Amino acid sequence: MSQRILSEFDIVFAGGGATACVVAGRLAAYDPSLRILILEAGQHTLNKPIHVQPYQYPLNQAPTSTTVTFHRGNPSSRLNGRAPIVPSGRCVGGASCVNFMAYTRAPASDFDDWGVDGWESENLIPLMKKLETYEMQPDRPTHGYDGPIKVSSGGCKLGIADEFIQVGTTYHKRQYADDTDDLETCNTYSPWRKYINGTTGRRSDAAHHYVYNQAHNLNLQVWDGKRVKRIIFEDKRAVGVEFASDPVSCPDADQSSSIVRASKLVVISAGVFGSPTILERSGIGAEAILKRCGIEQLVNLPGVGENYQDHNLVFVPYLTADEAVTMDALWRGDTLHNHSNAESLAEWNSSGKSLIAQNGLDAKIKWRPDDEELKAMDPAFQPRWKEFFQDRPDKAVAIFCIIAGPLVLPPRKYMCTGYYTLYPVSVGSVHINVTGDGKEEMDFTTGFLDDPSDIVPLDFGYKKTRELLRRMASYRGEVAAGHPDFPEGSAAACREASGPVDLNAPDIVYTTEDDEAIDRFHRDIMQTTWHSLGTCAMKPEADQGVVDARLNVYGVSNLKVADMSISPLNVGTNTYSTALLIGERAAMIIAEELGINCI
């Protein structure tokens with residue numbers, strides 16, 4: 001079947017997520033004459049309330065959502081036979097338009113650990129500053145104050161966050177700092193800043209602030225609802241992209257393929273799931289993977305789709321006082337029809353304030369265990385601690401946080417703890433496969449909890465965050481259905497309470513049976529943190545690398561990858577900050593190669 005050749009651009013992006021928007025937007029601003037095309041399977045996000053009103057972010061995770069893709073992993077015995085689900089952004093702007101808007105940044109040493117020329121922290125910090133407008137404390141040396149992405153405290157303050165910090169700095173005996181995202185501070189309680197514009201109260205995403213704000217430039221085009229099938233090569237030189245209408249975004253559209261040509265460069269920016277599978281459909285990957293799918297191999301690159309990594313997350317719900325301010329009513333969806341929530345919307349429309357401009361996440365600690373906590377943890381974690389964490393005081397084991405409400409529970413007031421590990425050892429993979437009836441599917445192994453050390457900080461995190469919440473003034477007990485199923489008569493049994501325990505009350509004593517219940521609980525419910533990375537790793541080819549330091553795919557020319565899939569190692573942060581950073585660095589690399597001034 002012949003494909004229609006629609007037109008030619010200078011640069012074609014296969015995928016339109018956060019990083020693609022940064023790269024394309026920067027290049028268009030540097031040289032408006034560049035003909036740039038972004039192909040995105042999802043739909044436009046321009047000014048849609050579900051994307052620009054911060055409180056609506058949980059709606060993107062609803063089972064019926066079309067703004068994310070739900071990837072089903074292979075069942076795992078480490079997860080008690082579960083097949084984990086991992087969503088990824090599926091719209092113009094990608095995860096930047098659907099994520100939790102939580103502002104964190106990795107320690108500078110994470111980038112130095114990559115060992116990649118040009119990607120050292122001293123080269124990246126100027127780009128970190130360039131991309132942001134930090135609306136909090138002025139004159140901080142690692143923050144930026146005139147970039148496109150706005151960082152603020154959101155539209156209002158939540159009292160339970162102050163309680164969390166107060167208990168953390170007394171009972172938990174940790175310090176407090178206004179800013180723990182200075183690229184080094186760790187093990188300190190702090191407010192949690194947000195990717196929300198403090199003036200307008202809108203989400204600060206890559207689509208609106210790098211691409212949609214250049215609507216006047218007709219050379220920068222975004223074609224939504226277009227699913228990239230493969231890259232077109234001539235003598236191993238990428239010259240175009242084959243695509244078709246996406247069946248989810250455009251269910252009634254013609255599904256025949258078309259080709260768009262690229263005269264200068266093709267950039268794959270389809271994310272941790274999309275980028276390796278586009279490469280494999282294009283004949284770039286491991287011989288065995290391509291052979292089982294009937295794809296002729298163009299380049300033997302066995303690292304494609306390997307090195308999948310994520311962070312391991314657990315949410316645990318608690319009851320809270322009736323007078324506490326939470327997100328419950330908004331997240332149940334009944335708010336805009338009652339008086340108080342109509343007022344919130346009116347306030348947001350007029351001033352950018354109110355709970356509409358909130359994500360419910362107002363406090364956190366990047367936690368490292370002290371000596372006493374280390375002794376209380378399972379010995380299986382000790383080798384990992386000594387090998388990776390002990391002599392690196394800027395690297396947190398996990399983030400503990402408080403959330404003003406759960407996502408799905410019967411009407412009343414709630415709060416949740418969230419705890420997630422930042423450097424789990426386990427890795428997985430993402431590959432294409434073909435079913436017996438010839439349909440393509442994804443062969444996705446998360447690797448979650450495969451390494452025995454990975455569950456240990458989660459088990460401890462449950463106990464420690466429960467002690468923190470038990471001492472908060474708004475605490476009214478546990479939501480038993482969202483906690484481990486402790487044996488009858490256990491001192492850890494969950495129940496409703498009339499108020500908090502005393503700050504100096506003894507900790508709950510857990511039996512061996514209780515510990516087994518916590519372990520089962522985590523294997524049953526531990527989930528993705530939506531921080532997938534690594535499947536087209538920027539490493540030497542001999543070390544299962546896929547791209548070099550200039551983001552070029554090994555073995556071909558005119559083809560780069562730019563998204564979180566290039567990250568060779570895990571990063572101790574919510575990954576939106578890293579996706580933006582990769583975009584800024586990629587834009588600089590491409591501009592340099594095209595002879596464009598990018599100052």
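How many aromatic pairs does a search of the whole structure find? The answer is 27, and several of them are worth a visit once the overall picture is in place. Please keep in mind that this is a predicted model.

## Overall build

The protein chain has 15 helices and 23 strands in its secondary structure. Its radius of gyration is 24 Å, close to the 25 Å that the globule rule gives for 599 residues, so the chain is as compact as a globular protein of that length.

Of the 599 residues, 62% count as buried.

## Aromatic pairs

A pair of aromatic rings is described by the distance of the centres and the angle of the planes. Among the 27 pairs found in the whole structure is that of Tyr103 and Tyr195, whose ring centres are 5.3 Å apart with planes at 75°, so the pair is edge-to-face. This pair links distant parts of the chain, 92 residues apart: Tyr103 belongs to the loop between strand E4 (85-89) and helix H3 (108-114), and Tyr195 to the loop between strand E8 (188-191) and helix H6 (206-211). Both Tyr103 and Tyr195 are buried.

Tyr462 and Phe521 form another pair, with ring centres 6.1 Å apart and planes at 65°, so this one is edge-to-face as well. Here too distant parts of the chain are linked, since Tyr462 sits in helix H13 (residues 456-470) and Phe521 in helix H14 (residues 512-525), 59 residues apart. Tyr462 and Phe521 are both buried. Elsewhere, ring pairs join Tyr103, Tyr134, Tyr145, Tyr195 and Tyr576 into a cluster.

## The largest cavity

Rolling a probe the size of a water molecule over the atoms shows where empty space is left. For the whole structure, the search turns up five cavities of 30 Å³ or more. The largest cavity has a volume of about 100 Å³. Tyr103 and Tyr195 return here as part of its lining, together with Arg105, Ala106, Phe111, Met128, Leu131, Glu132, Ser577, Thr578 and Leu581.

Which helix gives the most to the lining of the largest cavity? That is H15, with three residues. Helix H4 (121-131) and helix H15 (576-594) each supply at least two residues of this lining. Sorted by class, the lining of the largest cavity holds seven nonpolar, two polar and two charged residues.

## The second largest cavity

By class, that makes eight nonpolar, two polar and two charged residues.

## Arginines over rings

Arg585 is placed over the face of Trp119, at 5.7 Å from the ring centre.

## A covered helix

Is helix H7 (residues 271-281) mostly covered or mostly open? Mostly covered: ten of its eleven residues are buried. The buried residues are Val272, Phe273, Gly274, Ser275, Pro276, Thr277, Ile278, Leu279, Glu280 and Arg281. Just after H7, Gly283 takes a positive phi of about 90°.

Note on methods. Residues numbered from 1 in each chain as written. Predicted model: local features only at pLDDT ≥ 70, side-chain atom pairs only at ≥ 80, totals over all residues. Heavy atoms only, no water. 1 Å grid on protein atoms, 1.4 Å probe; cavity = no way out; pocket = protein on both sides within 12 Å on 5 of 7 lines; lining within 4 Å. Points joined across faces, edges and corners; volume = space filled by probe spheres on them. Helix = DSSP H or I, 4+ residues; strand = E, 2+ residues; numbered from the N terminus. Nonpolar A, V, L, I, M, F, W, Y, C, P; charged D, E, K, R; others polar. Phe/Tyr/Trp six-rings, centres within 6.5 Å; stacked < 30°, edge-to-face > 60°. Buried < 20%, exposed > 50% of the residue type's maximum accessible area, 1.4 Å probe, protein only. Lys NZ or Arg CZ within 6 Å of the ring centre and 35° of its normal. Rg over C-alpha atoms; globule rule 2.2 N^0.38 Å.
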